Amino acid sequence: MLLTIRSLTKTFPGTRALDGVDFDLAAGEIHALLGENGAGKSTLIKCLTGAYARDAGKISLDGQTVSPKSTSEAQELGIGTVYQEVNLLANLTVAQNLTFGREPTRFGMVDGRAQRQQAEAMLEGYGLDIDVSRDLSTYSVAVRQIVAIARAVALSGKVLILDEPTASLDSREVETLFGVMRKLRDQGMGMIFVSHFLDQVFSLTDRVTVLRNGRKITTERTADLDRVRLIEHMLGHTLENEVAGHRKADHGLPRSELLRFEDFGRRGHIEPFNLSVGEGEVLGLAGLLGSGRTESAELMFGVASAHSGSAQDKSGAIDLSSPRAAIAAGFGFAPEERKADGIVADLSVRENIALAMQARRGWARPISRSEQTRLAQDYIARLDIRTSGPDQVVGDLSGGNQQKVVLARWLAMNPRFLILDEPTRGIDVGAHAEILRLIDEVTKEGMSILVISSELDELIAVANRVIVVRDRRHVAELTGSEITTETIVRAIAAPEQGEDAA
Amino acid sequence: MNPRLYPLAATIAIFLVAWVICVLQFPYMLSTRVVGNLLTDNAYLGIVAVGMTIVILSGGIDLSVGSVIAFAGVFISVMLRDSGLHPLVVFALLLVLTTAFGAAMGWLIHTLAMPPFIVTLAGMFLARGLAYMLTIDSVPINHGFYKFLNDAYWLMPGKGRLTLIGVVMLLTVAVGMVVAHRTKFGASVLALGGGEATARLMGVRVGATTVAIYAFSGFMAGLAGIVFSIYTSSGYPLATVGTELTAIAAVVIGGTLLTGGAGFVFGTLIGVLTMGLIQTFIVFDGTLSSWWTKIIIGILLLSFILLQKGLMRLSTVGQRA
């Protein structure tokens with residue numbers, strides 16, 4: 001084995017990001033590393049590239065135990081990395097990028113001609129015909145990606161880690177990149193390929209390792225693996241272990257329509273989709289990471305504007321060109337990255353709850369302090385937010401309680417359509433159940449909710465209808481008793497079966 | 001032509017056009033006397049602008065240089081008046097001081113992860129204050145060596161004087177060009193300007209490079225101070241107020257991206273000369289108020305920023321296609 005990892009463990013305060021993970025990479029192999037958000041993929045990679053120091057376990061390269069302390073040390077050992085966001089300098093020339101740190105010098109000065117020749121030699125065999133004296137920024141992302149690979153190969157030459165390299169490439173560019181990778185494989189390079197595009201994993205890789213919650217679930221030969229099993233591994237459900245008891249007894253109940261999206265889409269984000277939202281309905285949005293779930297939500301909330309289609313309610317078309325317009329139309333959106341996008345961590349619970357309401361009323365009509373406090377106390381009681389009082393700083397609360405503050409803020413505005421992106425990520429089981437109960441409660445009052453979640457159990461428990469998203473398309477719609485782990489997983493995995501179910 | 005040269009080409013074109021306009025109106029402006037004066041009058045600005053170019057290429061800014069030049073003048077004049085040391089010794093002392101001052105600012109910027117704007121703003125007040133502590137008056141320099149320096153020039157054909165300080169400026173530009181574009185240090189500077197995180201990943205020693213960048217700028221400010229003291233034969237704590245901004249303007253007119261990562265030291269020289277040319281034109285004209293210099297520089301600066309924006313947009317469009 002070229003690279004072996006044995007019982008690698010890495011703990012962060014509060015979480016165990018990697019728990020005794022084993023991983024092998026052979027020379028001349030492309031090995032896919034898969035897992036949902038938070039599964040431990042990036043932690044594993046960062047331990048390999050020296051960005052993190054491991055807590056326990058062993059990494060050996062060519063039989064030698066290694067513990068790189070920095071990216072450059074990892075490079076010298078032979079472990080190179082290419083990231084999705086190309087880590088080269090677009091403002092330098094291709095030649096400067098390729099030779100950076102090892103520029104040929106003459107009389108102590110960089111020898112431009114030798115530098116260009118060296119760069120051209122490094123690019124040989126990659127099928128690129130480019131002028132290396134031009135700025136890297138003049139070339140497409142695909143070319144930059146290949147330049148980055150060429151640099152990593154020349155610098156390291158044993159193990160190449162490709163972290164989501166195809167995320168911003170079109171299909172022709174992906175093929176070029178794969179051609180390069182196959183060639184390197186034939187030359188005996190070991191490659192770790194991280195991607196959430198399963199098609200690419202199946203067409204390119206030799207073996208697959210799936211991580212979930214910091215543990216290794218399985219390593220299998222790609223050829224022996226089928227899609228459904230792979231997705232089960234990733235999402236952590238087996239079809240036998242299906243969760244019974246779809247709670248929603250009221251499915252099939254006629255609902256009056258609240259909103260309708262027609263042909264709503266944006267190029268490069270999500271294909272146009274049709275969606276009708278009933279009053280008091282809970283819609284679930286299922287799909288793998290990067291499939292277009294969040295993109296759908298952002299489009300509906302005006303974070304990105306739609307290129308096609310329209311949104312309508314009973315009284316006509318709605319303007320969703322910006323979040324501001326969406327809020328004015330009675331929409332709400334609690335984003336996935338609540339720390340970055342959802343709360344103002346330095347403000348108190350009271351201020352956070354009052355924030356959105358104030359924005360809606362306009363700055364000219366301030367909400368009085370006493371009203372803010374009343375509002376905050378009301379929601380602290382109603383949502384059972386564990387805090388020392390309305391004036392505690394939100395940043396000091398636990399994840400679950402922060403999430404409740406986000407919810408409280410939107411509930412205080414009483415939107416008619418609320419989008420929750422991964423509302424239960426990173427919160428404990430108790431808070432989890434409470435948030436689901438809360439969703440149930442507010443929909444009884446007539447609010448409509450769209451829940452995006454990777455937890456299929458959660459969707460099954462809470463949703464009246466589940467939309468399945470794959471490859472940036474809405475591919476299936478499941479209602480009532482059709483909503484089972486099995487149907488969802490099948491819809492995510494296989495086009496035909498998914499569309500049958502719809 | 002390689003697209004990376006467009007801003008530099010634009011700078012040179014503007015300078016040539018400006019000169020042609022000047023010559024059409026006042027044919028005498030083609031003489032070597034005007035050229036010599038242009039170099040001499042702008043020598044200190046050219047030198048300090050070379051340091052500023054390196055700083056701006058790295059994505060930073062150095063607001064302290066104007067005050068450092070004033071401090072240098074006062075330091076030299078007071079030392080020569082009170083100590084009896086030879087000017088060359090004083091120069092060496094001064095350069096050590098200003099280089100260390102720059103290095104200290106670079107160290108603070110790196111270790112405290114503070115914006116260069118704030119740190120060098122503090123440096124600006126500090127240097128100015130130090131100059132006032134030495135003296136509050138204008139101190140004349142009467143040393144014989146200064147006379148020698150002032151009289152050192154080469155008479156060009158056409159009676160133009162290529163002075164020593166003009167030559168020092170041209171040499172500084174040459175050194176700056178080599179440092180920025182032909183050394184590993186220069187590559188690191190441009191890498192920092194392209195993005196610190198990426199530069200770190202590519203193996204740039206960020207801390208050492210940052211310290212060296214501001215030390216270089218401090219050295220250049222000290223050298224500019226020496227040249228300025230030769231030019232004025234005095235030291236005055238209120239001198240060169242706002243010179244840092246003029247230097248930044250010269251760098252930007254010279255085609256360097258104010259956000260860092262792209263630009264040429266040679267462009268800065270052209271930027272300095274363009275500004276000097278406008279000044280000369282106004283002197284020749286005689287009826288225009290000198291404030292017109294500022295107005296024209298303002299317009300030039302604005303048009304350069306627009307040009308850079310336009311070029312950047314063009315290059316991103318080219319990428320999509």
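Because the model is predicted, local features need pLDDT of at least 70 and side-chain atom pairs count only at pLDDT 80 or more, while totals for chains, interfaces and linings use all residues. Residues are numbered from 1 along each chain as its sequence is written, chains are lettered from A and ligands numbered from 1 in the order in which they are written, and side-chain values use heavy atoms, with hydrogens and water left out.

## Interface of chains A and B

In the interface, 23 residues of chain B are in contact with 26 residues of chain A, contact being heavy atoms within 4.5 Å. The two chains bury about 2,100 Å² between them, and 58% of that area is on carbon and sulfur atoms. Buried area here is the accessible area (1.4 Å probe) that two parts lose on being put together, summed over both.

One salt bridge is counted between chain B and chain A. A salt bridge is a side-chain nitrogen of Lys or Arg within 4 Å of a carboxyl oxygen of Asp or Glu. Arg4(B) and Asp135(A) meet in a salt bridge through their side chains, at 2.1 Å from N to O.

On the side of chain B that touches chain A, the elements giving two or more residues are α8, α9 (184-194) and α10 (196-201) of chain B. The most comes from α9(B), with seven residues. Helices (H or I, at least four residues) and strands (E, at least two) are DSSP runs, numbered from the N terminus. By residue class, this side of chain B has 11 nonpolar, nine polar and three charged residues. Ala, Val, Leu, Ile, Met, Phe, Trp, Tyr, Cys and Pro count as nonpolar, Asp, Glu, Lys and Arg as charged, and the others, Gly among them, as polar.

## Salt bridges

Over all chains the count comes to 28 salt bridges.

| Glu220(A) | Arg229(A) | 2.6 Å |

Glu422(A) lies in the loop between β19 (417-421) and α15 (429-444) of chain A, and Arg293(A) in helix α9 (residues 293-300) of chain A, so the pair ties together parts that are 129 residues apart in sequence. Both Glu422(A) and Arg293(A) are buried. Buried means under 20% relative accessible area, exposed over 50%, and partly exposed in between (1.4 Å probe, protein chains only).

Glu220(A) is buried at 17% relative accessibility, whereas Arg229(A) is partly exposed at 32%. Glu257(A) is partly exposed at 32%, and Arg260(A) is partly exposed with a relative accessible area of 32%.

## Helix α7 of chain B

Helix α7 of chain B spans residues 144-151, and its buried residues are Phe145(B), Tyr146(B) and Leu149(B). Seen down the axis of α7(B), the buried residues fall within an arc of 100°, so they line one face of the helix. The arc is that of the directions from the helix axis to the C-beta atoms. An α-helix has 3.6 residues a turn, so residues three or four places apart point the same way.

The face turned away from the buried side of α7(B) carries the exposed residues Lys147(B), Phe148(B) and Asp151(B). The cover over the buried residues of α7(B) includes α4 (65-82), α5 (87-111), α8 (164-182) and α11 (206-232) of chain B.

## Two single residues

Leu269(B) is found in helix α13 (residues 265-285) of chain B and is buried, with a relative accessible area of 9%. Leaving aside neighbours within four places in sequence, Leu269(B) is in contact with Met169(B), Leu170(B) and Val173(B). Its C-alpha atom is separated by 9.4 Å from that of Leu45(B), 224 residues apart along the chain.

Asp111(A) lies in the loop between β8 (109-110) and α4 (112-123) of chain A and is buried at 17% relative accessibility. Beyond neighbours within four places in sequence, Asp111(A) is in contact with Pro104(A), Thr105(A) and Arg106(A). A polar atom of the Asp111(A) side chain lies 3.2 Å from the backbone nitrogen of Arg113(A).

How values were computed:
Polar contact = N/O pair within 3.5 Å; in protein donor to acceptor, adjacent residues only side chain to side chain.
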